[in-house]
Amino acid sequence: MKRKTRRLWMVIACVACIGSAAGLTLRAFSSNIVFFMAPSQLKAHPPAADRTVRLGGMVVAGSLHRETHNGEPVNAFQITDGQAAIEVHFTGILPDLFREGQSVVALGSLQRDGDFTASEVLAKHDETYMPKEVADELKRTGKWDPRFGKAPDASSWDTMTAKKPASDTQSLKTGG
Amino acid sequence: MFGPEQGHFALALACVLALVQFVLPLWGAARRNGRMVALAPYLAVSQLIALAMSFACLVLSAVRDDFSVQNVAANSSIAKPLLYKITGVWGNHEGSVLLWTLILGLCGAAVSVFGRNLPDILRARVLAILGGVSAGFQLFCLLTSDPFERVFPAPMDGQGMNPLLQDPGLAFHPPILYTGYVGFAVPFAFAVAALIEGRVDAAWGRWVRPWAVAAWCFLTCGIALGSWWSYYVLGWGGYWFWDPVENASLIPWLTGTALVHSAIVVEKREGLKIWTVLLAIATFSFSLSGTFLVRSGILNSVHAFANDPARGVFILGLLALVIGGSLALFAWRAPSLTSGGLFSPISREGSLVLNNILLCSICAVVVTGTMYPPFMQLLFGRTISVGKPFFDSATIPLTLPLLLAMGVGTALPWKRAQLAKTFSHLYAATGVAAIGVVLCFWKLSGILPVACGILAIWVIAASVSDVLRRLGLGHTGVRGMIARARSLPRSSWGAALAHIGAGIVVLGLCGMSQAEHAIVEIHVGETRSLGGDDWTLLDVHDRIGPNYKAMRADIAIHHNGRLVTIMHPERRDFTTQNQTTTEVSIHTNLITDLYGVIGDRHGSGANTTYVLRLHRNPLAPWMWLGGLVMAIGGAFSLSDRRLRVGAPKRSSIRNMARA
């Protein structure tokens, strides 16, 4: 086995492996990337029914109630970003840190009837912590400017209105 | 004597000692100044003493409930049990950075003590590099995340620790995991020292491998422990979430595994030198960026400790310095390293190369999946995430050839192999794997789980048959085999054990892919069945714990009318933190885990219902047991005589003569 032949073998092996890795990654990306959306974005640009998205926002105070579908307990609540609220259905036990008026992220898909079916609901470990996505959304819609102190109390969220309509053009830019 | 100020001073002292340890030995080695070179081990040990003192001060402040210390006030409280007062020290950002530097100091001291047979100059350079890294992180600790900061006025009681973190599993998870992360600093330092020296030979491979194996063992244990913790504490029924924090430990594990294997080639055949040096640098770089990028909140996740930009800038600078510096040195010096022995693609070396390429490809996939979302966020402002489906579909197809090669590789001889002869060694393993095919198609569903299951059985069978072949099965009698077992190098036993462990882990993962669960809402006395078991909710009652109130359920599980177990899942309400936790109840017979969680209570009186989540997880314990077997295999190979004593004497004489 000459040095040159060995090098050739190594190069072939490397190219084959890295190439298949890249191929697999791209294929997996194209079908498995999960976009984060706020309720208003979800309403404005509804994704395909089988597409998984992460829906983030605050749980509307007083919206949590329970239903039973086919003998399984379903938690129903609304998630809001201050612009729009979406009804979310989740079968299972809500995480320990789930509170009305606090931020959550729901993983699932939008149904034809406009409700969101979550397969997973995440609440953050720290109760004073706000998911970055939600904080960004708050800033984007003009409800909170970090320069002027702490974030507004979450329970007041769905009753607030945006400061100026100019945020709509912004949402087009960042929302797409 | 052990107040926070003393601790702060000790930390500053350690930082200065580390700086001296960085500068003097390097200078001495360049100038061939024997005194400066000889100073390195003493500096490393004294740095460790100062760090231990500093850490002891922080632990004592927590034990004494000294709430004038900001860190203690924010993370502890009087009511917290003593064990968690101690372990809570590293449950937060500042404390964990201090623990990190303490372990790095420990590594330096270990090199000084166990590295007596290294050439003096090499040891001095290794210690200098470790000192430099140490100094950087101690500065980080002192300047941006001081664990000894005082508050005035001191609060009467602390804010307490997140009840989720009050768990013995988590208490020992960070030290073990950090030892794994930090342990890779030693191979890194060896690599940088070799680049400075411009020489990598078989002896270097023999010196660096035990350190890499030791770090790898700890990292393996740490990952397994972390996964086990999230399985039984978080109560989601899952074991791995492809969370950035978890990936941050998996990435260095992958390159570390590659390093442990490629160092064998350096040691035995003097091949793959440049590649091994690069792997050593990459592994530690991934460890560093894993711990600190994640901790600084750049990759946002549920685990993020700190969200402070000053820290972020400092840590990014430090990372750029360490990683960029070592890579620049690599680019400059690596071409001077000559490559060694020739081998054909079908040989032990060839299989190790394939192992390395595949491990690095998997690593590249995991890195992409972990870094792509934050980069998209940073560059284009789009928030996306990738999760389990992505990682499953991208990594498993690459794992399959890896498992296949694992079985073949150990049966191949060095340099050149004859395929026919090799396959004659593998008949037995192939036979077992054929039985595995039947078993997997019968028990598992889905293409990938079946394929992984078959290959895992293949790996285990091939490893066992390899050991038996080396023991001379069929050639010698029982007595001869025992004699051969005694003389068989421990590293061979270790390799076989580690491979069997990997097979067991994969089987556990395959089993978990067949897990079943049900979410039910039932009255007391009702029964539901899941996977052949009948789960009956016998009773639910309230219980008062030391700092919580709990709702405790009694669930009886019958299998074909025979009582299997009565389990008691709990839901605990921590009033001070306004937080609830679920205490999972798990019954295991090492084949199947029965896993019960109690959720909310609804209604009142006779109409009260409870939400329960019931899981049946086949082979779940195998995932962690397999991890343990892998680590034991690593430890076995560490205890090999050849790794501890050997050739170094000769070259150290040569070095001294040169000096």
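**Chatting through chains A and B**

Student: Let's start with chain B. How many helices and strands are there in chain B?

Tutor: Chain B has 22 helices and 11 strands. Keep in mind that this is a predicted model.

Student: And why call chain B as compact as a globular protein of that length?

Tutor: Its radius of gyration is 27 Å, close to the 26 Å that the globule rule gives for 659 residues, so chain B is as compact as a globular protein of that length. Along the principal axes, its C-alpha atoms fill a box of roughly 90 × 75 × 55 Å.

Student: What percentage of chain B counts as buried?

Tutor: 52% of the 659 residues. As for contacts in chain B between residues at least 6 apart in sequence, 75% of them join residues at least 24 apart.

Student: OK, domains. Which ones is chain B divided into?

Tutor: The domain assignment gives domain 1 (1–166), domain 2 (187–415) and domain 3 (516–621).

Student: How many residues of domain 1 of chain B are in contact with domain 3 of chain B?

Tutor: 4 residues of domain 1 of chain B, and they touch 6 residues of domain 3 of chain B. The domain 1 side of that contact has 3 nonpolar residues, 1 polar and no charged. Between the centres of these two domains, taken over C-alpha atoms, there are 43 Å.

Student: I keep looking at helix H17 of chain B. How far apart are its end C-alpha atoms?

Tutor: They are 35 Å apart. H17(B) covers residues 447–470, and at 1.5 Å a residue its 24 residues should span 34 Å, so the two values agree.

Student: Is H17(B) mostly covered or mostly uncovered?

Tutor: Mostly covered, with 18 of the 24 residues buried. Just after H17(B) comes Gly472(B), which takes a positive phi of about 80 degrees.

Student: Switching to the contact between the chains. How many residues does it take from each chain?

Tutor: 33 from chain A and 39 from chain B. On the chain A side, the elements that each supply at least two residues are helix H1 (3–32), strand S1 (34–37), strand S4 (72–80) and helix H3 (132–140). H1(A) gives the largest share, 14 residues. By class, the chain A side has 18 nonpolar, 6 polar and 9 charged residues.

Student: What does S1(A) do with strand S1 of chain B?

Tutor: S1(A) and S1(B), residues 384–385, run antiparallel and are joined by 2 bridges. Phe35(A) has Ile384(B) as its bridge partner.

Student: And S4(A), the other strand on that side? Which strands of chain A does S4(A) pair with?

Tutor: Strand S2 (residues 53–59) pairs with S4(A) in the antiparallel sense over 2 bridges, and Val59(A) has Ile79(A) as its bridge partner there. Strand S3 (residues 65–69) is also antiparallel to S4(A), over 5 bridges, with Glu67(A) opposite Val74(A). Then strand S5 (residues 85–91) pairs with S4(A) over 7 bridges, again in the antiparallel sense, and here Asn75(A) stands opposite Phe90(A).

Student: What about the hairpins? Which residues in them have a positive phi?

Tutor: In the hairpin of S3(A) and S4(A), with 2 residues between the strands, Asn70(A) has a positive phi near 50 degrees. The S4(A) and S5(A) hairpin has 4 residues between its strands, and Gly82(A) in the turn takes a positive phi of about 95 degrees.

Terms used. Residues numbered from 1 in each chain as written. Chains lettered and ligands numbered in written order. Predicted model: local features only at pLDDT ≥ 70, side-chain atom pairs only at ≥ 80, totals over all residues. Expected span 1.5 Å × (residues − 1). Buried ≥ 20, exposed ≤ 12 C-beta atoms within 10 Å, placed from the backbone. Contact = placed C-beta atoms within 7 Å. Nonpolar A, V, L, I, M, F, W, Y, C, P; charged D, E, K, R; others polar. Pairing = 2+ DSSP bridges. Rg over C-alpha atoms; globule rule 2.2 N^0.38 Å. Domains from an automatic or database assignment.
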